[in-house]
Amino acid sequence: MEEDQIEKFVAEYLKKKGFKQAEHAFQEERQHQQSKNTSSSSITTNSLSDPDLAKHILAFSELENGPARYHDGYSKFRSWTYSSLDLYKHELLRVLYPVFIHCFMDLVEKGHVQEARTFFNSFREDHEMMHSRDLQKLEGVLSPSHLGEMEFAHSLRQNKVKIKICQYSYDLLLEYLHKTKLTTMLGVINEHINFQVSPGQPSSISDDTEVVTLTGSSQDEATQINQKEIHWGLLEDSLEERLEKGGGLLSDSEKAEGETKEGELDENKKRSGEGAKQGMSIKKVKKDKGASATGKAGRPEANTVPMAPRVKPELTLPVVHTDVEKSILEDLRNRVQLSSVSLPSVSFYTFINTHNGLNCSSISHDGSLVAGGFSDSSLKIWDMAKLGQEPVGPVLQGENGTTSSEHVLGSRGGKRYTLFQGHSGPVYSATFSPLGDFLLSSSADSTIRLWSTKLNANLVCYKGHNYPVWDVQFSPVGHYFASSSHDRTARIWSMDRILPLRIMAGHLSDVDCVQWHVNCNYIATGSSDKTVRLWDVQSGECVRIFIGHRSMVLSLAMSPDGRYMASGDEDGTIMMWDLSTGRFITPLIGHTSCVWTLAFSGEGSLLASGSADCTVKLWDVASSTKVPKTEENKGGNTNRLRSLKTLPTKSTPVYALRFSRRNLLFAAGALSKSV
């Protein structure tokens, strides 16, 4: 056995086991030895030239690299984990999934593809419930080259998985691995898992939000990012602030006197179902986190939390026309104060005869226009004033005075919509400007298009992304907009420039959704890497990383006071976050499928969520953000207390939600016979 071969085997062994310090020392020794050999060719190392030792190292290396070591080692480790005490089992089970994934990828990298498939199929059932999407990605890996080309696998190999575990569980794990000499498993854990060990007893099973996460940076770096200062308050001199200072918010009695006049005005403007409602239902229209330039217009007497701080804008904001200001102020004066005992009226727009071609929907801030993006690359807009000439769907009186009405959008009996054509691929997102005069759409053709709803024409085509653009959102003040794409970036644009102003890069996978903060100084992005990030618009830096989702993040919403953020994922879980601290507050569990859309009410007391499970749920934000975590663990059904009402549709997944400035809730979806 040649000396170089022996040293090579030793170096590979140290590297594979993750013994970095020993490997570094060995490399230094090799370099030192080589320098001595050049000066004196007679120097030899008898211990390393020993043929018996060489054979032993070679045999051990081959044994360690054998595919059976992975299968047997993981099988023993799995059996021990499942037979552990219940007190520690739920923490130890967290280690199984990353070990399973990396054992599979190690086998593929070494060329043992058949053994890797056998290993994968033998144990995949353990992780099917929590990680089905990841397993589907890895299922197509049939060669080492596939592994090298897969973005998901590359992210896993380059970044350690962070696992929270208590000291007792950690000690049990290490003792077992050393005692049974499962060196292969120990090497995988050492190289790919970063344990965050906490003193004392194991955490409760319900506190499993951040226990297994993959981040592009180390945990220390993520913690440092979340310590950055952010200004989460509202913009100075906003319309709602002026209204509060001027005492312009009407009392309930004053609103009641003006209901009839408002009803006539709204009915003429858009016969969208508000005209079919009386009394309280006419008052309820949407929070515009849009043109009001920020959001929290609560009535002072109803606010139990301190008033949100005021901040200066980092962007040059567009000037709002006086007539528009008056219209917005009128809506804000007549906003209905919602609460857990005063729920909103709901107007639901149902698309029919879409033949599974509808990808997205958007509703204007006053509910007068509804847009749909389709797989055939078309964009269609329905004007509610024109549809209002025809009978609307049934009006239903629900519990707590909640009124709902349904409007059917389709193409039978002639053309009732405006057709916009220009994209060359499926349209994945659409969003109206705060005033409803512009519409943005994003597509699989990697472009974003700006349309005029007044001229019914395409004005600009924005090019910058390299792959499909999943989401696009206008800022609360208009003019600026943000986009997110398969290229793992989010971008900030302005209507008057064809190139992006900022590029936000940092996510490890697709950026699936984007949302503006109410003060326009930040944007939030949700990704398939299961994290949410908050970015500073001016600097383009990431200022918060929110870790806790178990699947891809599909929807985001900002509270009107700018302090809280809600995010919904593919599993149906909604998480509430505190932007000021970067911490997770509480999960809202109730949906059984993807949460596609979220919306806060105008004063921020309610959160509405729309899902693929064909329901709209209303949540009590006050209890969701104020219940201490110690209280959560005592009462087992705290999520039921936060869920105020579930509004089921007949067979319509909910694509879009929007509160009007007057707190009427608009919703839209496509009738699906397959649900």
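Visitor: Which residues of helix 5 meet residues in helix 6?
Guide: They are Pro67, Tyr70, Tyr74, Phe77, Arg78, Trp80, Thr81 and Tyr82, and in helix 6 they meet Lys89, Leu92, Leu93, Val95, Leu96, Val99, Phe100, Cys103, Asp106 and Leu107. Contact here means heavy atoms within 4.5 Å. The model is predicted, with local features requiring pLDDT of at least 70 and side-chain atom pairs pLDDT 80 or more, while totals for chains, interfaces and linings use all residues. Residues are numbered from 1 along each chain as its sequence is written, and side-chain values use heavy atoms, with hydrogens and water left out.

Visitor: What makes helix 5 roughly antiparallel to helix 6?
Guide: The axes of helix 5 (residues 67-82) and helix 6 (residues 86-109) come within 10 Å and cross at roughly 170°. Axes are lines fitted to C-alpha atoms, for helices over the stretch in contact, and angles between N-to-C directions run from 0 to 180 degrees. Angles under 35 degrees count as roughly parallel, over 145 as roughly antiparallel, 65 to 115 as roughly perpendicular and the rest as oblique. The crossing therefore makes helix 5 roughly antiparallel to helix 6.

Visitor: Which classes of residue make up the contact of helix 5 with helix 6?
Guide: This contact has 14 nonpolar, 1 polar and 3 charged residues. Ala, Val, Leu, Ile, Met, Phe, Trp, Tyr, Cys and Pro count as nonpolar, Asp, Glu, Lys and Arg as charged, and the others, Gly among them, as polar.

Visitor: How do helix 1 and helix 12 cross, and which residues are in contact?
Guide: The axes of helix 1 (residues 3-17) and helix 12 (residues 183-192) come within 7 Å and cross at roughly 65°. Lys15, Lys16 and Lys17 of helix 1 are in contact with Thr183, Thr184, Gly187, Asn190 and Glu191 of helix 12. By class, there are no nonpolar, 4 polar and 4 charged residues in this contact.

Visitor: Why does Leu14 count as buried?
Guide: Leu14 is found in helix 1. A residue is buried under 20% relative accessible area, exposed over 50% and partly exposed in between, with a 1.4 Å probe and protein chains only. Leu14 has 12% relative accessibility, so Leu14 counts as buried. Leaving aside residues up to four places away in sequence, Leu14 touches Phe19, Ala22, Glu23 and Phe26. The C-alpha atoms of Leu14 and Gly187 are separated by 9.7 Å, although these residues are 173 apart along the chain.

Visitor: Why does His355 count as exposed?
Guide: The relative accessibility of His355 is 71%, and His355 therefore counts as exposed. His355 lies in the loop between strand 6 (346-351) and strand 7 (358-363), and has a positive phi of about 55° although it is not a glycine.

Visitor: What makes Arg488 partly exposed?
Guide: Its relative accessible area is 33%, so Arg488 is partly exposed. Arg488 is placed in the loop between strand 18 (480-485) and strand 19 (489-494). Arg488 is not a glycine, yet has a positive phi of about 70°.

Visitor: Why is strand 6 said to be largely enclosed?
Guide: Buried residues make up 6 of the 6 residues of strand 6, so this strand is largely enclosed by the rest of the structure. Val346, Phe348 and Thr350 point one way, Ser347, Tyr349 and Phe351 the other way, and all are buried.

Visitor: How do you know that strand 6 and strand 34 pair?
Guide: Two strands pair if DSSP finds at least two bridges between them. Strand 6 and strand 34 (residues 665-670) pair in the parallel sense over 6 bridges; Thr350 has Gly669 of strand 34 as its bridge partner.

Visitor: How many helices and strands does the protein have?
Guide: There are 22 helices and 34 strands. Helices (H or I, at least four residues) and strands (E, at least two) are DSSP runs, numbered from the N terminus.
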